[in-house]
Amino acid sequence: METSFRMYTGVSKVVGPLMVLDGVEGIGYGEIAEIVLPNGEVRIGQVLETTTTRAMVQVFRGTRDLDTELTKVRFRGEPMKISLSSDMLGRTFDGSARPLDGGGPVIPECIRDIYGSPINPSAREHPRDSIQTGISSIDGMNTLVRGQKLPLFSGAGLPHNLLASQIARQAKVTGQAEKFAVVFAAMGITYEESAFFIREFEESGALERAVLFLNLADDPAIERIITPRLALTTAEYLAFDKGMHVLVVLTDITNYCEALREIAAAREEVPGRRGYPGYIYTDLASLFERAGRIRGREGSITQLPILTMPDDDITHPVPDLTGYITEGQIVLSRDLHRKGIYPPVDVLPCLSRLMQGGIGPGRTRADHAEVKNQLYSAYARGIRLKSLVAVMGEEGLSSLDKIYIRFCDRYENDFIRQASYEDRSFEDTLNLAWDLLSILPKSELKRVSTEFIKAYYHGEEILECSGP
């Protein structure tokens with residue numbers, strides 16, 4: 001019997017966002033259900049568990065006002081799908097892919113399962129070439145590479161939303177006439193944040209090349225688990241069907257994981273670390289591993305997931321597991337934020353494992369890798385010296401030590417700090433880096449080749465003093 005044509009009346013039990021139906025036949029896992037309320041309202045649900053006679057359905061718009069006796073449920077016999085079209089560029093949708101911009105429904109060029117298919121490892125192409133975000137602390141020190149997944153670790157009160165909008169607004173591929181798009185998915189944000197994102201995209205003109213999915217804080221939490229999948233399915237269509245390079249910005253992954261925990265609690269599952277379900281690693285991997293390049297295809301999907309660390313704890317399950325799956329991290333610093341530095345990127349714990357493949361001659365500039373290493377070394381030394389000064393004072397510092405401290409201050413104020421609408425090219429970032437390296441004596445540039453020092457160094461040689 002085709003259950004997609006069967007209508008069941010009556011719900012056995014409702015637990016939070018879940019409802020249980022008895023007496024059903026042939027229902028499949030992941031199947032979509034239409035829940036018809038007595039007043040005619042239709043809500044969408046998905047089967048989470050099924051036996052021969054029972055189905056547990058999660059309702060994406062919540063179970064409030066659901067009459068257990070009069071509610072009717074119809075099963076479609078297929079997983080959840082989304083209508084896709086290149087006309088989606090420039091449009092804004094809610095967390096269930098319903099239009100928010102008054103533009104009417106999408107006229108589909110194709111319809112796809114939102115859970116997609118994993119990329120065959122043998123068909124994957126190693127990520128290469130860079131994406132220019134216009135932000136020096138990322139482009140210079142932790143370059144984002146096409147096909148990479150590079151998360152941004154933040155904390156409550158830090159300007160990750162402002163940074164996310166700036167990256168989405170400024171991101172571009174350079175040096176080639178290639179099509180570029182941004183798919184932006186926000187989960188559990190406030191109405192004020194939603195209005196901010198829409199305004200930022202509209203006023204900057206970036207909306208023309210972007211697709212927005214916005215799940216608000218007062219929307220059912222269960223809807224948050226499909227929002228990133230809608231965004232990633234859209235990105236896969238634009239990348240691999242339309243040949244575009246797509247940057248997917250997902251914020252906030254922590255809100256997504258809270259929705260997973262809510263579902264697990266409603267299902268009475270045995271909790272794992274801090275109450276999160278034991279399969280959270282697998283679930284996050286099903287999102288992050290949808291980034292990449294496919295051999296023989298022009299497009300690429302690059303992911304920038306953003307998550308807030310509860311109590312700034314980087315060992316919390318969400319950032320901890322995210323770090324295992326992804327290829328590095330960008331970490332925001334509360335100390336830099338207190339100093340009034342934007343963006344407050346703490347470059348020392350940051351890492352982009354695929355950076356080497358996306359920089360260098362023909363991509364950014366030949367000196368990029370060595371300049372990055374020298375900047376990192378000098379800044380780390382300056383930070384160590386500042387820690388000593390806080391304990392011992394400046395009396396024991398040599399003249400060279402004082403130069404490193406001055407470099408550290410200039411690095412934070414000139415290199416890391418930039419305005420929210422300041423868009424720096426790779427060339428601008430590297431030239432600024434040489435301005436800072438020229439503060440140091442030439443003899444201290446031990447990580448940079450002589451040819452690059454001759455070409456770009458413009459400081460004065462200062463003899464190192466061993467004494468105070």
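## Salt bridges in a predicted model

Arg-365 is buried, with a relative accessible area of 9% (buried means under 20%, exposed over 50%, partly exposed in between, with a 1.4 Å probe and protein chains only). Its salt-bridge partner is Asp-367, with the closest N and O atoms 2.8 Å apart. Asp-367 is buried too, at 0%. A salt bridge here is a side-chain nitrogen of Lys or Arg within 4 Å of a carboxyl oxygen of Asp or Glu.

A quick word on the ground rules: this is a predicted model, where local features need pLDDT of at least 70, side-chain atom pairs count only at pLDDT 80 or more, and totals for chains, interfaces and linings use all residues. Residues are numbered from 1 along each chain as its sequence is written, and side-chain values use heavy atoms, leaving out hydrogens and water.

Searching the whole structure turns up 35 salt bridges. Among them are these:

| Pair | Closest N to O distance |
|---|---|
| Glu-34 and Arg-76 | 3.0 Å |

(Helices are DSSP runs of H or I with at least four residues, strands are E runs of at least two, and both are numbered from the N terminus.) Glu-34 is buried at 14% relative accessible area, whereas Arg-76 is partly exposed at 34%.
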